[in-house]
Amino acid sequence: MNGKKLILLGCAVFLVGCIQPSRYEFAKENGYEVEATVMKVVQKEEYDSDGPSSDSYILYGDYEVDGKTYKNVKLGKYYDTSNYGKGDTVKVVVDPKNPGKLMFEGGVVCVIGFLMTIVGIVKRVKEKKREKAADGPAPAENSEVQG
């Protein structure tokens, strides 16, 4: 991806990440924070550059919003499930416009967008330097032949 596109994408992700927390807080404050019952815990092994690092756990569960039950919804990814097992409850915030979809705080998305924008700017500066070097040196002015 070239620098220009990365800058534009980074700015878009940044804006979405900055808007998301206000939507999340609105939903939370207006009754869309509900308790979900954990129905299934799926263990996943995480890897880093040295190989297996730790386990993560994806929780799936059921919850009710406005009299409608939503089943087998991915509730989130956790690295410590000592507090969560089948039958336990977890607080989640659902999207008021689409209660079958969970909402998450947007702070991380905002940071990712900012970093993408910075990387795009650095990449674009390098692209410009390469373009300038490929064009070669500018012709010298007043290059008269003396005779």
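Figure 1. The structure is a predicted model, in which local features need pLDDT of at least 70, side-chain atom pairs count only at pLDDT 80 or more, and totals for chains, interfaces and linings use all residues. Residues are numbered from 1 along each chain as its sequence is written, and side-chain values use heavy atoms, with hydrogens and water left out. Thr-37 belongs to strand β1, residues 33–48; helices (H or I, at least four residues) and strands (E, at least two) are DSSP runs, numbered from the N terminus. Apart from neighbours within four places in sequence, Thr-37 has contacts (heavy atoms within 4.5 Å) with Tyr-60, Gly-61, Asp-62, Gly-87, Asp-88 and Thr-89.

**Figure 2. The salt bridge of Asp-62 and Lys-71.** A salt bridge is a side-chain nitrogen of Lys or Arg within 4 Å of a carboxyl oxygen of Asp or Glu. The whole structure holds three of them. In the pair shown here, the closest N and O atoms of Asp-62 and Lys-71 are 3.6 Å apart. Asp-62 is buried, at a relative accessible area of 15%, whereas Lys-71 is exposed, at 60%. Asp-62 is also among the contacts of Thr-37.

**Figure 3. A salt-bridge network around Arg-124.** Salt bridges link Arg-124, Glu-127 and Glu-131 in a network. Arg-124 meets Glu-127 at 3.0 Å, N to O, and for Arg-124 with Glu-131 the closest N and O atoms are 3.9 Å apart. Both Arg-124 and Glu-127 lie in helix α2, three residues apart, which is about one turn of the helix. Arg-124 is buried, with 18% relative accessible area, and Glu-127 is buried as well. Glu-131, at 40%, counts as partly exposed.

**Figure 4. A positive surface patch that includes Lys-126.** Lys-123, Lys-126, Lys-129 and Arg-130 form the patch. Patches are made of residues with over 30% relative accessible area and no salt bridge, with like charges joined within 9 Å and nonpolar side chains (Val, Leu, Ile, Met, Phe, Trp, Tyr) within 5 Å. Lys and Arg count as positive and Asp and Glu as negative, while His and the chain ends are not counted. The place of a charge is NZ of Lys, CZ of Arg, CG of Asp or CD of Glu. Lys-126 lies in helix α2, residues 107–135, and is exposed at 51% relative accessibility.

**Figure 5. Two residues with positive phi.** Asp-66 is not a glycine, yet its phi is positive, about 50 degrees. Asp-66 sits in the loop between β2 (51–65) and β3 (68–78) and is exposed, with 69% relative accessible area. Asn-72, also not a glycine, has a positive phi of about 55 degrees. Asn-72 is placed in strand β3 and is partly exposed at 49% relative accessibility.

**Figure 6. The protein chain as context for the close-ups.** The chain has two helices and five strands, in the order α-β-β-β-β-β-α from the N terminus. Of its 147 residues, 29% are buried. Among contacts between residues at least 6 apart in sequence, 58% join residues at least 24 apart.

Terms used:
Areas by Shrake-Rupley, 256 points an atom, 1.4 Å probe, with all protein chains shown as cover. Buried < 20%, exposed > 50% of the residue type's maximum accessible area, 1.4 Å probe, protein only.
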